[in-house]
Amino acid sequence: MDFELPRLSRREFLSKSSIGAGLVLGTPSILKAKAPGATGDDIRVGFIGCGKQHEVLFNAMVNITGIRYVAACDIMKARVGRTFSAIKSRFDYNINRYLSAEEMLEKEDLDAVFVSTPDFWHAPHTVMALEAGCHVYCEKMMSNTIEGARSMVAAMDRTGKLCQIGHQRRSNPRYQFVLNELIQKENVCGQIINLNGQWNRALSSSQDIVSKPSILPEAEILREYGFNAGADHTLNLEELRHRFLNWRFYTDLSGGPISDLGAHQIDIFNWFLGTQPKSVMASGGRSYFKDREHFDNVMCIFEYETPLGSARAFYQVLTTTSSGGGYYETFMGTDGTIEMSEREAYTNIYKESGADSTKWDELVRRGLLKKESAGVAAGGTDAIASYESAPPDKYALPGGLSKQPHTPHVENFYGAIRGVTKLTCDARHALESEAPIYWVNPAANSHEIINFTEEHLHT
Amino acid sequence: MSSNDKCSNDLGLTLGMLTLRIWLGLRAIQTGIEKFAGSGKPIDSAVLMDGAPNTYGLTESTSAKVYAISNYNGVPTPLYDKFINEPLIPEFALNIYNVVLGPALIILGLTLLLGIATRFSLFLMGLVYTSLTFGLILIKQDAGIAWLGVHIVMIVIALALAKHNRFAILKKW
């Protein structure tokens, strides 16, 4: 009798064998990766987009084992060459280089693809890669339009592939610890009534990006890839190249500073509060960079309804001033304040003078907090006692992250591919969090409060 | 001038030259060696909560500075990234310079310290500092240019004192 063994592709085998192993043995240790160059259970990875953010991601994953880098593409040849060299020098093998994502996806057998292209290419590239059968890690903001972001969620659902969005704080142990232990379990903040976040960036860090003309793509390529989108005249080579390098300044190519920088932190507001805001009001201006299409400074207020009552979150993104503490997200409650940041240096915790000292001392004794200093009154002859609140005591998190900030998020993605964990920020959850952000610029443009409906926020 | 005065002047100039050789030599050697410096593998220990290692992965980390060939970085990355976009610095030349700079500083520092072809060592060291100055001019780092200028002045003084060079292995050149 003839019979045929079921045929499994290598990609299917990787997924099914990992899930099976996880179920049987309940431990990821059996999934120990082979050395680079091995073909068994290595995850075969490709890169779409090889610019600065790609470098950040690549540097965050170079120490993760069980990965085989296979191919990279970018419309700028020099960037693909740089990725090729980085992999060659680090791992001593060659990857295939492409100038077109379509060609790479068609020719290569990839398990996972990292998309770090300009925002307006996130959705097309992600959908393309998902439909080619790859799991996708796409940088935030999901897209420059909410429709683009929704198409990514739809493609994830349609293909059944994983789609992780690069809100890397969601996998950061420091953030997970603060949310799960300090806020939810120990309720150190009490009722959170106000949130405050910012990303203040210096003028010197907000200048136009320039590069050697000889290594930049030609006009024909840039037009083909849509860098002329929204232009009211035929762009010359210099204008196209400016858009290519500085796509974040253009409304048809990106969401501007509120999505470039604000998306990370407004995501934390929504994640920690466990809900979406009810409304947004905003103000923005081209106060310094008058020739840029996007606002250079934006301030906005989101209103929330939480189980404990209403809360308001203020967020500002400045591209002209760095002072004021850099970037952080602050949760201000009746008992305490947690000032979180991806940077440990900007992270602080404060106990209100009226909060239960015994409880906080106990948290220190158990190792959940470190006490830094007792509150010190500012003093001075200008202090009027009746106006002053007692100064809060200062605390710190008990530990930090000993990896690069993006590493846990990439590890989470690979772990999900192997079936040993769940994504911390799949496209649907990312969009639930990102959706309100798409309405900040319209609110600032119209000077009107936008009260969110299902129409605004659905995924 | 009495012979005692002349002798004490010569001694002063000899010691002055020696001091310059030691300073410039150590400066170059250690600058070259620092290009091989990096952080050692961090020793991470899990933070204890309720007497047990926490499950989140929060760690307390300590790491020591280590030197290794694999750490080598001739031109620091932030500067490299700026130079690569300078039209007057071809990429291939920058890559060669990146490889050569560290070893060149160490070799020139050693030859100067040991007194091997002191005058040529000083001259070549002057060229190295001039090349660094050229890069800094392009990216408008005026403080660095002034700092390298001080080095050049010291090299010129050492060359002027070369006839008082003693304690040298190879006095020729």
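Helices here are DSSP runs of H or I with at least four residues, strands are DSSP runs of E with at least two, and both are numbered from the N terminus. Chain A holds 16 helices and 16 strands by that count. The model is predicted: local features need pLDDT of at least 70, side-chain atom pairs count only at pLDDT 80 or more, and totals for chains, interfaces and linings use all residues. Residues are numbered from 1 along each chain as its sequence is written, while chains are lettered from A and ligands numbered from 1 in the order in which they are written.

**Chain A overall**

A residue is buried if 20 or more other C-beta atoms lie within 10 Å of its own, exposed if 12 or fewer, and partly exposed in between, with C-beta atoms placed from the backbone. Of the 459 residues in chain A, 45% are buried. Two residues are in contact if their C-beta atoms, placed from the backbone, lie within 7 Å. Among contacts in chain A with a separation of 6 or more, 70% join residues 24 or more positions apart.

Two strands pair if DSSP finds at least two bridges between them. In chain A, 6 strands make an open sheet in the order 3-2-1-4-5-6, with parallel pairing. Strand 3 (96-98) and strand 6 (163-165) of chain A stand at the edges with a single partner strand each, so one side of each has no neighbour in the sheet. From one strand to the next, the twist averages 20°. Axes are lines fitted to C-alpha atoms, for helices over the stretch in contact, and angles run from 0 to 180 degrees between N-to-C directions.

Helix 2 (residues 52-61) of chain A has four buried residues: A:His54, A:Leu57, A:Phe58 and A:Met61. They cover an arc of only 100° around the axis, which puts them on the same side of helix 2 of chain A. The arc is that of the directions from the helix axis to the C-beta atoms. These buried residues pack against strand 1, strand 2 (67-73), helix 3 (77-91), strand 4 and helix 13 (407-417) of chain A.

**The mixed sheet**

Another open sheet of chain A has 10 strands in the order 14-15-13-12-11-7-10-9-8-16, and its pairing is mixed. Its edges are strand 14 (370-373) and strand 16 (450-451) of chain A, each with a single partner strand, so one side of each is left without a neighbour in the sheet. Helix 11 of chain A packs on this sheet and touches strand 7 (192-200), strand 9 (297-306), strand 10 (309-318), strand 11 (327-333) and strand 12 of chain A. The direction of helix 11 makes about 170° with that of strand 10 of chain A.

| Strand pair (chain A) | Sense | Bridges | One bridge pair |
|---|---|---|---|
| Strand 1 (43-48) and strand 4 (112-115) | parallel | 4 bridges | A:Gly46 and A:Val113 |
| Strand 12 (336-340) and strand 13 (348-351) | antiparallel | 4 bridges | A:Gly336 and A:Lys351 |
| Strand 13 and strand 15 (393-396) | antiparallel | 3 bridges | A:Ile349 and A:Tyr395 |

**Nonpolar cores**

A nonpolar core is a set of buried Ala, Val, Leu, Ile, Met, Phe, Trp, Tyr and Cys residues joined through C-beta atoms within 7 Å. The largest has 110 residues, and A:Val113, A:Ala129 and A:Val440 are among those with the most contacts inside it. Helix 11 (residues 262-273) of chain A gives the most to this core, with 7 residues. Leaving out residues up to four places away in sequence, A:Val440 touches A:Ile258, A:Val280, A:Ala282, A:Val298 and A:Cys300. A second, separate core has 19 residues, including B:Met17, B:Leu136, B:Leu148 and B:Ile155.

**Where the chains meet**

On each side of the contact between chain A and chain B there are 14 residues. Helix 7 (residues 173-185) of chain A gives the most to its side, with 4 residues. The chain A side divides into 5 nonpolar, 6 polar and 3 charged residues. Here Ala, Val, Leu, Ile, Met, Phe, Trp, Tyr, Cys and Pro count as nonpolar, Asp, Glu, Lys and Arg as charged, and the others, Gly among them, as polar.

**Backbone details**

Most residues other than glycine have a negative phi, and most peptide bonds are trans. A cis peptide bond joins A:Lys140 and A:Met141, with omega about -15°. A:Met141 lies in the loop between strand 5 (135-138) and helix 6 (146-159) of chain A. A:Asn187 has a positive phi, near 50°. This residue lies in the loop between helix 7 and strand 7 of chain A. In chain B, phi of B:Lys140 is near 60°. B:Lys140 is exposed, with 9 C-beta neighbours inside 10 Å.
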